[in-house]
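Let's walk through this model together, from its overall outline down to its core. Keep the view open beside you as you read.

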Amino acid sequence: DDNFSLANVTLTIDGKDATNFSAVPFEYTWDLNNVAAGSHSVKASATDTSGNTSSISIEVYKAAETPVN
């Protein structure tokens, strides 16, 4: 436990920076229109004002689109 506050949170998708937050709310809308079907890695990395970092990653899956006739 420390008395430092959160400095920023970086969100990366498939290893590329998607956005950087420096204040709440931490919300991001991911436009899936140009995202390929398959597995994708989403990672949030937080850094506090003393330089301590922590991160969490998840894998998400986008199904292939089925054309509507």
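Among contacts in the protein chain between residues at least 6 apart in sequence, what percentage join residues at least 24 apart? The share is 44%, where contact means heavy atoms within 4.5 Å.

A word on what you are looking at: this is a predicted model, in which local features need pLDDT of at least 70 and side-chain atom pairs count only at pLDDT 80 or more, while totals for chains, interfaces and linings use all residues. Residues are numbered from 1 along each chain as its sequence is written, and side-chain values use heavy atoms, with hydrogens and water left out.

Start with the elements. The protein chain has 4 strands and 0 helices, running β-β-β-β from the N terminus. Both kinds of element are DSSP runs numbered from the N terminus: helices are H or I with at least four residues, strands are E with at least two.

Now step back to the outline. Along the principal axes, the C-alpha atoms of the protein chain fill a box of roughly 60 × 20 × 20 Å. Of the 69 residues in the protein chain, 16% are buried, that is, under 20% relative accessible area with a 1.4 Å probe, protein chains only.

Finally, look inside. The largest nonpolar core has 5 residues: Val-9, Leu-11, Ile-13, Phe-21 and Val-42. Strand E1 (residues 6-13) gives the most to this core, with 3 residues. Such a core is a set of buried Ala, Val, Leu, Ile, Met, Phe, Trp, Tyr and Cys residues joined through side-chain atoms within 4.5 Å. Leaving aside neighbours within four places in sequence, Leu-11 has contacts that include Phe-21, Tyr-28 and Val-42.

Terms used. Buried means under 20% relative accessible area, exposed over 50%, partly exposed in between (1.4 Å probe, protein chains only).
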